Amino acid sequence: MSLISILKKKNRKYLFTTPSHNGNLCIMHKFYQWYRNDISEVDAYNPQEALSQAEEKASQIYNTKSTHFLTNGSTSGIIASVLTCCKKGDKILIWKNSHKCHRNASILAGTEIIEYELELNKAWGVYKPINTKALELLLKENMPKAVIITSPSYEGLVSDIKSISELCKKYNTYLIVDEAHGALYPFSDNLPQSAIPYADFTVQSLHKTAGGINPTALLHCNCELSPIEALNMINTTSPSYPMLATIEANINYLNSSNGRKKIERLINNIKLIKSELKNLEFFGDDVTKINIKKEGLSGYELSDILFNKFNIEDERTNEKSTMLLTGLGTTSRMLAKLFKLKKL
Ligand SMILES: Cc1ncc(COP(=O)(O)O)c(C=O)c1O
């Protein structure tokens, strides 16, 4: 039985167990349904088995050795990956400006951190994907146990993960890809290639672009190591089954024809907008990240105008450009508002 069905099941037992709200006491009424579905590992439900089955099904969908549901974001997936493949004193390569969880994971594992830099694209104010030749030099020089690559970047720039994985194999280095911003990639040929088939560990945030609730995420493994011990070390022993059920439903939706059609509709709508707005410049490998630049305006000025004149809040801005993040919940109606930027 799926996790989703277990939560729908009517329980006929008197539960003298945790959680003590028992699905009856609902202190914050707005979340009534959440309390009703908030169960523990009691025999009356046995959600652990359903969770294992849901993760196995996900592993088949993503074609991985194993896929793990995360309820503490990509952060926990990165930490578990590093703890799994590195031990105290091992060298790890991380990007100097990476998300802070890369450094924290490396510290928790007791690794020796070696930082690498990425070149800046000066015209757009964003970091370029990693240069494969530069990476090979770093691997040759340091022989690290693991390397973490962020791909896509926040702005949707994608590194050549296939070539990077070949290099990592050559130098016996585990490849961890932070694909936090690329959770839609496995479900459309019109988006960049996902790292999942090539990396040893790929981490994706469902909550960023794939319609998941905060902070649901996935850890995909495609190597001989299992992250289960590491996940058990950092995770609570009282997981939130409502959150885990949303992950199961989220993957089912992404993999359904309705989900895939929705992704294509999003992509086509954005392509149309980009082709119509001739007064703006667009950039990036991932069409769903709308990186915008306007001649004569800094990124910050553009961001202010979008916010104050057009009621649009961007995801991230730098000196040169600003970025609007879109995802499964970005409606056609919201996107249609962007046509007004013709007047900008
Ligand atoms: C590139 C990158 N990696 C990892 C994370 C952490 O993800 P989460 O919020 O799902 O823990 C973020 C969050 O902003 C991110 O931008």
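Helix α4 (residues 73–85) gives the largest share of the shell around the ligand, three residues. Helices here are DSSP runs of H or I with at least four residues, numbered from the N terminus. The model is predicted: local features need pLDDT of at least 70, side-chain atom pairs count only at pLDDT 80 or more, and totals for chains, interfaces and linings use all residues. Residues are numbered from 1 along each chain as its sequence is written.

The residues around the ligand include Gly 73, Ser 74, Thr 75, His 99, Cys 101, Asp 178 and Pro 215. A residue counts as near if its C-beta atom, placed from the backbone, lies within 6 Å of the molecule. By class, the shell has five nonpolar, six polar and one charged residues. Ala, Val, Leu, Ile, Met, Phe, Trp, Tyr, Cys and Pro count as nonpolar; Asp, Glu, Lys and Arg as charged; the others, Gly among them, as polar.

Next, the helix pair. Helix α3 (residues 47–62) packs on helix α10 (residues 241–255) at about 25°, with axes 11 Å apart. The axes are lines fitted to C-alpha atoms over the stretch in contact, and angles run from 0 to 180 degrees between N-to-C directions. That makes α3 roughly parallel to α10, a label for angles under 35 degrees. In α3, Leu 51 and Ala 54 are among the residues that meet α10. The contact has eight nonpolar, one polar and one charged residues.

Last, the domains. The assignment, automatic or from a database, gives domain 1 (72–234) and domain 2 (263–343). Their centres, taken over C-alpha atoms, are 27 Å apart. 20 residues of domain 1 are in contact with 21 of domain 2, contact meaning C-beta atoms, placed from the backbone, within 7 Å.

Terms used. Two residues are in contact if their C-beta atoms, placed from the backbone, lie within 7 Å. Helices (H or I, at least four residues) and strands (E, at least two) are DSSP runs, numbered from the N terminus. Angles under 35 degrees count as roughly parallel, over 145 as roughly antiparallel, 65 to 115 as roughly perpendicular and the rest as oblique.
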